[in-house]
Amino acid sequence: MKKSISAILAAALTLSALTCMPASAEKYGDGKKIVVFGDSIAAGTSLSEGEYNYGQLCADYLKGSVENYAVSGYDTEDLIAQLGSLDKDQTAAVKDADLFLISIGGNDIAQYAIKYILDFAASASLLKEGFTAADVPEEPTFNDLNKLVDRAALSSYAKGSIANQRALNNMLVRLTANLRLVSTDKNADKYPRVIETSVIPNIQKICDTIKEMNPDAEIIIQNIYDPLQLDENFIKTSYSSYADVLEQFEPSVEKILASFSSQLDGVKGIKTADVYGTFTSKDEPSLYGCAYYFDNMQNKNTDIHPNQAGHVAIASTLLNVIGEDHKYESNLLTSAFAKLGDIENYPVNAYETYLEAAGLIPGDVNLDGFVNSSDATLILTDYSSVSTGGSNVITERLRDTADINKDKKIDSSDATSVLVYYSYLSTGGKENSYNYFNSDKK
């Protein structure tokens, strides 16, 4: 956790952070005015050019605007300081906002946990050659874990003597208790209870501060996904020597994140978004879940930040909490989802979360966000293939959007309906294929 520093230094650091803040303002219409606060997840760290963070996706869907004041690396204390040092324009944006989307708390928990693990690794001689306890930062990151810990040594330690295994297990039990226990738990006073005594009170202060500035605004805070949910085949091929360690760590991570989610629900004046549940999405139970699909942990940099699929999933989760319905309309959410490709393998619960928010635009068979002659051609190609004994060209998950007349078949009549709708648009018709295909005035 943070060391105490002088008020003058704290103010200087805050002003410095605000000066380099990657704030962005975008307007998509006159709908809800959104302000985003938080950490690197909210800032959209690791997204590529042409990709969209969840604040942009939500603002476009809601036909509104977004001011993003999130800063990579921020924890709850940083956000409290930021709210106390807003400039004139930022203050005006906060007072005028309809909706606040916040991602915070992950760095508080990660810094504490990683520091605890690195201190243990140093004491057990599990750091890479050339590193000592003096090299362990006060506020370490996942990159520091990769940089400092000797994976092979840790794996051997985990598989070693009973004493080693007991020491590793005791460390994890203590760490989990330090973070997740609450005051009602037996012997809780023996543990720091970091989430209850530090993180949650800070989040409550953040929300109270926003409410003081803008009493009527809606505040939504997302919980934290588990970055250690890796694909089992990836573990076997790329992390085989680390598999036993991950299997020991993963239950502790799950307990900590579940405790944070539970305690976050008790914060007054907010709604919560279950991003953890969306990222864990799987049709069958698995030790590691599906977060690897939505973050960059399996790339060469083992980056915990959400990729474009992750931001689509977060935006879908948030939009379902917000509840404003713009289903079946072409927007950044639908176009970003379409560009992901391979939707057949999109984790099932996350796919249902997306559909709840965006739906599938009837007739948009190629998922480009529009209904036109290209979709009619694809429907006819599918019909021709099946009619001549071939297989479907249109994937199972898209068959419903191709079946315009809902007769459980994809044929020329569906293609004709799409072409008629395309003609309707070409002559000035209003774009919304869901309303059109479900209207008697076609």
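In which loop is G289 found? In this predicted model, local features require pLDDT of at least 70 and side-chain atom pairs count only at pLDDT 80 or more, whereas totals for chains, interfaces and linings use all residues. Residues are numbered from 1 along each chain as its sequence is written, and side-chain values use heavy atoms, with hydrogens and water left out.

G289 lies in the loop between α13 (275-280) and α14 (291-294); helices (H or I, at least four residues) and strands (E, at least two) are DSSP runs, numbered from the N terminus. G289 has a relative accessibility of 5% and therefore counts as buried (buried means under 20% relative accessible area, exposed over 50%, partly exposed in between; 1.4 Å probe, protein chains only). Apart from neighbours within four places in sequence, G289 is in contact (heavy atoms within 4.5 Å) with Q229 and T280. The C-alpha atoms of G289 and P227 are 9.8 Å apart, with 62 residues separating the two along the chain.

Six strands form an open sheet with mixed pairing, in the order β1-β3-β2-β4-β5-β6; two strands pair if DSSP finds at least two bridges between them. The edge strands, each pairing on one side only, are β1 (24-27) and β6 (271-273). Pairing of β1 with β3 (residues 65-68) is antiparallel, over four bridges, and A25 stands opposite E67 in β3.

Two packed helices are described by the angle between their axes and the distance between the axes. For α15 (residues 308-322) and α16 (residues 332-340), the axes come within 10 Å and cross at roughly 145°. Axes are lines fitted to C-alpha atoms, for helices over the stretch in contact, and angles run from 0 to 180 degrees between N-to-C directions. On the α15 side, Q308, A309, V312, A315, S316 and L319 meet L333, A336, F337 and L340 of α16. By class, this contact has eight nonpolar, two polar and no charged residues (Ala, Val, Leu, Ile, Met, Phe, Trp, Tyr, Cys and Pro count as nonpolar, Asp, Glu, Lys and Arg as charged, and the others, Gly among them, as polar).

In helix α17 (residues 348-358), the buried residues are A350, Y351, T353, Y354, A357 and A358. They are on the same side of α17 because they cover an arc of only 160° around the axis, the arc being that of the directions from the helix axis to the C-beta atoms. The buried residues of α17 pack against α3 (54-61), α13, α14, α15 and α16. Just after α17, G359 adopts a positive phi of about 65°.
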